[in-house]
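Trainee: I would like to go through this structure with you and ask what stands behind each label. Could we take it step by step?

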Amino acid sequence: MIGSNAFPTIAEASRAIEAGTLSPVALTEFILDRIAALDGRLNAYLTVTADAARAEARDAEAEIRAGRRRGPLHGVPIAFKDIFETAGVPTTCQSRALAGHVPARDATSVAKVRAAGAVGLGKLTTHEFAFGGPSFDILGQPARNPWNTAHFTGGSSSGTGAAVTAGLALGGFGSDTGGSIRLPAAYFGLVGLKPTYGRISRAGVFPLAFSLDHAGPMAWTAEDCAIMLEAMAGHDPADPASADVPAPPYAAMLDRDLTGLRIGVIRHFWEEAEAEPETVAALEAALKVFEGLGAKLVEVRLSPLSDWCATCSLILLSEAFAVHEEWLRGSPEIYGEFMRMRLFLAGAITAADYVQALRRRRELCAEFAAAFADVDVMFTATAAGPAPRIEEMGAFYTFARPLLTMPFNVTGSPALATRAGFSSEGLPLSLSLIGKPFDEATVLAAAHAYEKATEWAARRPSLEAVDAAA
Amino acid sequence: MTEPTISRQDFDVLLARAGLTLDEKQAEDLRHAYKYVQAMAERVRTPRGREAEPAHIFVFPHEATAG
């Protein structure tokens with residue numbers, strides 16, 4: 001059973017718990033058993049809070065049996081990337097710099113899902129401070145990809161991706177500053193949603209770059225992401241960027257007829273990223289699926305992809321340098337090599353470079369808003385190909401080739417990655433859907449419709465392959 | 001490896017200004033990677049009027065405003 005792929009999605013578990021056919025206690029024990037059996041090879045977790053999870057599951061079960069079910073996350077086991085603060089549980093950002101750090105309070109988003117009744121399984125691996133990875137010289141080991149452990153996980157929410165893919169959590173928290181939810185979602189064959197900037201509080205989340213940081217859910221389906229987003233979203237005065245915009249009932253808005261939906265196709269982005277032929281074929285096939293669902297395709301042309309990436313990278317590096325300046329100057333050896341070298345490079349950026357990037361950002365945001373005048377949702381690739389081999393990833397890989405995810409950190413738009421097929425090697429391929437500000441509902445509905453019209457979500461990695469790699 | 005786009009002397013000035021202390025290998029590796037910063041810095045300098053505002057502007061904290 002443990003080595004099998006017989007584990008539910010969040011929505012399936014939730015419906016079964018509501019119907020009384022699945023016990024939160026039994027489900028939590030089942031997932032804890034999977035973690036014990038498989039995580040030694042996948043490194044999804046830095047800390048497993050098994051006793052607390054069991055206690056939370058027992059409380060959830062008692063409340064639900066007493067007729068006090070809080071909602072669809074009640075009794076569902078999920079886990080948190082280790083940059084989200086968790087009261088009484090180590091939160092290290094997988095860095096020696098924060099080894100032993102135990103926060104007194106939960107991050108706002110963590111507190112919100114706890115209030116919704118979710119069972120917390122523990123803390124998930126990440127690239128160091130959500131930036132430096134994949135690294136073997138930091139606190140703990142990097143997560144591995146269950147589809148093929150020789151291939152990269154994407155980052156930085158790598159442990160979240162590994163856990164959800166292998167059934168070591170039904171859903172998880174990610175963060176995204178340049179693609180850190182969507183890239184691992186692409187390489188793991190998951191659904192990852194970076195909501196609108198300000199939609200989910202950043203309070204209690206260790207910053208990478210203040211003006212680009214987003215928190216969001218990663219799960220197996222769009223429906224699962226909708227359920228998680230409902231619990232995570234909401235205005236928080238503790239986060240200066242938090243938006244006071246009501247969050248609608250996303251899960252109830254999923255079953256939307258796509259007839260007449262106008263999809264803007266940003267084809268030149270994946271052409272400029274030199275997308276591999278199998279990825280291009282998967283994207284074109286996906287567009288045909290959307291047309292078959294009644295959507296209307298509109299070609300969209302924006303500034304070159306490299307302009308968006310330059311803007312994002314300069315802002316990201318400058319803000320990250322400011323966060324880490326004291327350690328960089330005083331004790332740089334505390335970081336792993338990739339984190340240290342990327343932040344050292346940030347030290348060569350001038351104040352004028354940063355301000356020019358901010359001016360370019362305003363222009364690009366205006367351009368993107370104008371492009372939305374005639375479309376409801378945008379479509380492009382999430383990555384240029386399937387997960388590369390892990391040894392191909394050097395310290396500066398994010399600057400050597402443009403990342404297809406970065407434009408939507410620049411704009412702060414809601415952006416979702418979902419699986420769009422598989423390569424000939426059996427690795428997931430991914431497409432991205434991008435919405436207007438605060439219109440996560442349309443993005444989720446389009447992804448949900450595509451998921452229902454295709455068979456990709458039925459395919460899970462063979463965990464025997466993980467065993468074989470051990 | 002391509003030739004660095006900045007002299008060692010000029011790059012050392014940037015590192016010193018940032019308050020960073022690097023060993024010889026780190027400094028040389030970074031000097032070779034500096035081309036990425038230069039390329040990005042060029043890309044964000046598109047023609048624009050002097051009055052063009054950055055994306056982030058100053059706003060008063062909510063609690064600081066009257067009423």
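Mentor: Gladly, and we start with pairing: two strands pair if DSSP finds at least two bridges between them. Helices (H or I, at least four residues) and strands (E, at least two) are DSSP runs, numbered from the N terminus. This is a predicted model, where local features need pLDDT of at least 70 and side-chain atom pairs count only at pLDDT 80 or more, while totals for chains, interfaces and linings use all residues. Residues are numbered from 1 along each chain as its sequence is written, and chains are lettered from A and ligands numbered from 1 in the order in which they are written.

Trainee: What makes strand 5 and strand 10 of chain A a pair?

Mentor: Strand 5 and strand 10 (residues 415-422) of chain A are joined by 3 bridges in the antiparallel sense, and the rule asks for at least two. One of the contacts to look at is Lys194(A), whose bridge partner in strand 10 is Ala415(A).

Trainee: How do you know that strand 5 of chain A also pairs with strand 6 of chain A?

Mentor: Strand 5 and strand 6 (residues 214-219) of chain A run antiparallel and are joined by 2 bridges, which meets the cut-off of at least two. Gly192(A) has Met218(A) as its bridge partner in strand 6.

Trainee: Which strand pairs with strand 6 of chain A over 6 bridges?

Mentor: That is strand 4 (residues 171-176) of chain A, again in the antiparallel sense. Within strand 6, Gly216(A) stands opposite Gly174(A).

Trainee: Why is strand 6 of chain A called mostly covered?

Mentor: A residue is buried if 20 or more other C-beta atoms lie within 10 Å of its own, exposed if 12 or fewer, and partly exposed in between, with C-beta atoms placed from the backbone. In strand 6 of chain A, 6 of its 6 residues are buried. His214(A), Gly216(A) and Met218(A) point one way, and Ala215(A), Pro217(A) and Ala219(A) the other way.

Trainee: Why is Ala97(A) called partly exposed?

Mentor: Ala97(A) has 18 other C-beta atoms within 10 Å, so it is partly exposed. Ala97(A) lies in the loop between strand 2 (77-81) and helix 4 (108-115) of chain A.

Trainee: What does Ala97(A) touch, leaving out residues up to four places away in sequence?

Mentor: Ala97(A) touches Trp327(A), Ile334(A) and Tyr335(A). Contact here is when the C-beta atoms of two residues, placed from the backbone, lie within 7 Å.

Trainee: How many residues of helix 11 of chain A are buried?

Mentor: In helix 11 (residues 337-346) of chain A, 9 of its 10 residues are buried. Their cover includes helix 10 of chain A together with helix 2 of chain B.

Trainee: How many residues of chain B are in contact with chain A?

Mentor: On the chain B side there are 25 residues, in contact with 27 residues of chain A. Helix 2 of chain B gives the largest share of that side, 10 residues.

Trainee: And why is chain B called more spread out than a compact globule?

Mentor: Chain B has 2 helices and 0 strands. Its radius of gyration is 19 Å, well over the 11 Å that the globule rule gives for 67 residues, so chain B is more spread out than a compact globule. The radius is taken over C-alpha atoms, and the rule is 2.2 Å times the number of residues to the power 0.38. The C-alpha atoms of chain B fill a box of roughly 60 × 30 × 15 Å along the principal axes, and 15% of the 67 residues of chain B count as buried.
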